[in-house]
Amino acid sequence: MAGFFSKLKNLFTVSDVSEEFYEELEERLILSDVGAVTSEMIVERLKSVAWDRQILRTEQLRRLLKEQLQEQVMCVKPSYPWEDEKALLFIIGVNGVGKTTSIGKLAYALRKQGKKVIMVAADTFRAGAADQLTIWAERAGADIVAQHEGADPSAVLYDGIAAAHARNADTVICDTAGRLHNKKNLMQELEKMHRVVMKAGEDYQVKSLIVLDATTGQNALNQARAFKEVTDVDGIILTKLDGTAKGGVVLSVQMELELPVLYAGTGEKLQDLEKFDAHAFVEKMFEDED
């Protein structure tokens, strides 16, 4: 897949830095799924540092841009406390982003570390959701707690946490229905479920991870922003990130929302979930130009 900054390649063949150059850079960043707000942040900071360093040539500016992006995306430090402590991971996100698949992959990764994992099928709205999660639990070697379709999600969640306590599970991964971020009633239900988790899961460190689809660009950013308004969001699992062509959302969520991308889904297999390396990602962005 072509590098993310292939859209900027011709721009940096210009010799001299000018105001027109910065305007074109901002426009191309926006077209690369970075988004207007983040693009403006990047360009304004670039202009400021370039002025201080008296950078007048685009070749030097390209190196500075790479340096600046490295600093900006790495200022949001990732944390994985569930690797060392008992934890309850509250997984949220809209339909179709790969949430259930990501839960299976995460459970598999934690099982490989020797953790006892229990999945809780609290998505009782979508037909077949519990069955789908059960398949992933079997693949990952994790236990699962589920009830009938249409059951109260908060009640399922409570029972699942009780089972986790009884079985002395190290990690509880709670699936939830794909919430449409513009539906107030569904967000209220999510808030209720979060309260249940915080109360019943007091022996576990509770973290909320949102699953986003990298290919949806700024829609992913809007989803993250909406969920952050109603519940704590501690990090992001970014699916379908098998290249950098759609990587602009990485810059947006880390710089604009100050949320770390913790994992990247790169395929459909159990092992296709990697810890996100921000430094390596920015390096890869510029591959087509180096």
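Buried means under 20% relative accessible area, exposed means over 50%, and partly exposed lies in between (1.4 Å probe, protein chains only). This is a predicted model, in which local features need pLDDT of at least 70, side-chain atom pairs count only at pLDDT 80 or more, and totals for chains, interfaces and linings use all residues. Residues are numbered from 1 along each chain as its sequence is written, and side-chain values use heavy atoms, with hydrogens and water left out.

**View 1. Threonine 171 in strand E4.** Threonine 171 sits in strand E4, residues 171–175. Strands (E, at least two residues) and helices (H or I, at least four) are DSSP runs, numbered from the N terminus. Threonine 171 counts as buried because its relative accessibility is 0%. Its contacts (heavy atoms within 4.5 Å) include Trp82, Ala87, Leu89 and Leu110, leaving out residues up to four places away in sequence. Lys115, Lys116, Val117 and Ile118 also touch threonine 171.

**View 2. The largest nonpolar core.** A nonpolar core is a set of buried Ala, Val, Leu, Ile, Met, Phe, Trp, Tyr and Cys residues joined through side-chain atoms within 4.5 Å. The largest one has 97 residues. Leu25, Trp82, Leu157, Ile173 and Leu238 have the most contacts inside it. Beyond its neighbours within four places in sequence, isoleucine 173 meets residues including Leu89, Ile91, Ile103 and Val120.

**View 3. Helix H1 against helix H2.** H1 (residues 19–31) and H2 (residues 36–52) pack at about 150 degrees, with axes 9 Å apart. Axes are lines fitted to C-alpha atoms, for helices over the stretch in contact, and angles run from 0 to 180 degrees between N-to-C directions. H1 is therefore roughly antiparallel to H2. Angles over 145 degrees count as roughly antiparallel, under 35 as roughly parallel, 65 to 115 as roughly perpendicular and the rest as oblique. Among the residues in this contact are Tyr22 and Leu25 of H1 and Val43 and Leu46 of H2.

**View 4. Helix H6 beside helix H7.** H6 (residues 153–166) and H7 (residues 184–200) pack at about 20 degrees, their axes 9 Å apart. That makes H6 roughly parallel to H7. Pro153, Ser154, Leu157, Tyr158, Ile161 and His165 of H6 meet Glu189, Lys192, Met193, Val196, Val197 and Ala200 of H7.

**View 5. Glutamate 83 in a loop.** Glutamate 83 lies in the loop between helix H3 (58–74) and strand E1 (87–92). Apart from neighbours within four places in sequence, glutamate 83 contacts Gln113, Lys115 and Lys275.
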